[in-house]
Amino acid sequence: MTPLTGTRPPLSPFPPALLAGSHDGLAEVLATLSEAVDTASAARRPDGPLPAGTPADVLAAASRALGPAELSTEGLGPKAALQLLTTLLIEGGIDLSHPRAAAHLQPPSLAVAVAADALASTQNASLDTYDSGASALAVERWLIGVLIHLAGLGERADGVLTPGGSLSNLMGLLLARDAAALRRGVDAREHGVAALPGPVVFCSELAHFSTHRACAALGLGEAAVHPVPVDERRRMRPDALAAALAALGPDRMPVAVVATAGTTDFGSVDPLPEIAEIAAGHGMWMHVDAAYGFGALFSRRLAGRLAGLELADSITLDLHKIGWQPAATSVLLVSDTTAFTSLDRQVAYLNPVDDSEAGYDGLLGRSLQTTRRPDAVKAAATLLAYGRGGMGRMVDACHDLARHAERRVLAEPELELVAPAELTTVLFRYRTDDPAASDELNGALRRRLLESGTALIGRTETATGGPGSPKRVCLKFTLLNPTATTDDIDGLVDCVLDAGRTCERLIEEGAA
């Protein structure tokens, strides 16, 4: 339509820098981040890895800083809003880069990964279709190729990024379920699981709880999970797996075995070659939950612990654990790309056949998600920046710290080593003369460290007296800071000892 003579093109009421993807917007992002750094420098960072105070006090202070939970008429403006949140997160948040932050499989993020993640966010690409992501698709395919090679999988292997290890495990068991159903002539995608007779999923008794969650979500039910006993090194016993399979009646259908490469508490790795042989003998899918342990492949020293990983049908790995990526950066790898067939979808407004045949396709058929952000960008930037050598040195540094912590615990009469450092975790307890009070003391010790803000350590429960013994509260160091030193670890142990002595005295005074 021809515009009327003398009219002017309408002017946008918004500034050019409003949107991050434009040139002006990118410049604004950089300027805003620079101002955030200045704000961070002026913020009062806690002396330890977390703010001192009870959870109620810390959260109440954060809520007061944010103000009423209602939208103001005009807002604070971008600069003031970012300054507020920067201060709030620094003064009242968790500092995972602090050398006494050692609670969870939650590492400090690498600077290059955070910068790349911000860059990816400016484009707001999605990986479901070519016209939503373009080159971001190539970045994910490159990353998947690198990880396939690292895992030792073959030419038919494939993979996809997911929102976390639990979702990767869910997808791995989804593919296993559908494969098992097809062997019985059942299309589980179309007709559901009602026709599957007594499905069974085997896993170590120390497997991650997401295995149970996945079976519940997939309609198999948590009762389908059959825990297999572990040996003295906390690894699944192949003989027990074989016996459990042999004992199955004709009304039961083995769907998959989930092997663990890096248990959450112990870092133990199940005997993958032996489990793979048993699974193959029964025509059963082998999924390996290597969310924690996969990162050991970066290390020439530790890679051998994952021997047999290449025999898996599917693998979960989390680069937001040993990989130092901002969460979440999880990946599901499969040994054969046709495993994704049951996820394939043809949608008219996303990937019509003629567009796909012309090359205008995306990754919709590899995921349970539609919109999916390019999380591969941050991981690709990291691997391009550091290579296997640089990543391996970080892994080795953390393993060395764990071994030092193990030696230090063994040297302290007040501490008891529960499990040695297989990867980067160390399990231990504070000893007491009264075993009945030991669980109370170890729990109180950790909470004292949390409330003081002095140190951030983990907690779990495990049998400490051999098979069949009662579970006891244990403390855990999860050491994923490659810049920490042995002196930092000594200081962390000293904090535990000080807190333990104080709690022991308080418990005795309370009993008196």
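Predicted model: local features only at pLDDT ≥ 70, side-chain atom pairs only at ≥ 80, totals over all residues.
Next comes an open sheet, built from five strands in the order E1-E11-E12-E10-E9, with mixed pairing. Which strands stand at the edges? They are E1 (101–102) and E9 (415–419), and each has a single partner strand, so one side of each is left without a neighbour in the sheet. The partner of E1 is strand E11 (residues 456–463), and two bridges hold the pair in the parallel sense. Here alanine 102 faces isoleucine 457, which belongs to E11. Threonine 483 is exposed, its relative accessible area being 63%. In sequence, threonine 483 and proline 99 are 384 residues apart, yet their C-alpha atoms are 7.9 Å apart in space.

Charged side chains are the next topic. Opposite charges on side chains can pair up when the charged atoms come close. The model has 28 salt bridges by the rule used here. One of them joins arginine 373 and aspartate 117, with an N to O distance of 2.9 Å. This pair links distant parts of the chain, 256 residues apart: arginine 373 is in the loop between H12 and helix H13 (376–411), whereas aspartate 117 is in helix H4 (residues 111–123). How accessible are the two partners? Arginine 373 has 33% relative accessibility and counts as partly exposed. Aspartate 117, with a relative accessible area of 15%, is buried.

Aspartate 117 also meets the side chain of lysine 378 in a salt bridge, this time at 4.0 Å, N to O. Aspartate 117 lies in H4 and lysine 378 in H13, so this pair ties together parts that are 261 residues apart in sequence. Both aspartate 117 and lysine 378 are buried. Through shared partners, salt bridges join Asp117, Arg373, Asp375 and Lys378 into one network. Another salt bridge forms between aspartate 318 and lysine 321, whose closest N and O atoms are 2.6 Å apart. Aspartate 318 and lysine 321 are buried as well.

Finally, there is the surface. Which residues form the negative surface patch? They are Asp131, Asp344, Asp354, Asp355, Glu357 and Asp361. Helix H12 (residues 353–357) gives the patch its largest share, three residues. Another member, aspartate 344, lies in the loop between strand E8 (330–334) and H12. With a relative accessible area of 40%, aspartate 344 is partly exposed.

Definitions and conventions: Residues numbered from 1 in each chain as written. Heavy atoms only, no water. Patch = residues over 30% accessible without salt bridge, like charges linked within 9 Å, V, L, I, M, F, W, Y side chains within 5 Å. Areas by Shrake-Rupley, 256 points an atom, 1.4 Å probe, with all protein chains shown as cover. Lys, Arg positive; Asp, Glu negative; His and termini not counted. Charge placed at Lys NZ, Arg CZ, Asp CG, Glu CD. Helix = DSSP H or I, 4+ residues; strand = E, 2+ residues; numbered from the N terminus. Buried < 20%, exposed > 50% of the residue type's maximum accessible area, 1.4 Å probe, protein only. Pairing = 2+ DSSP bridges.
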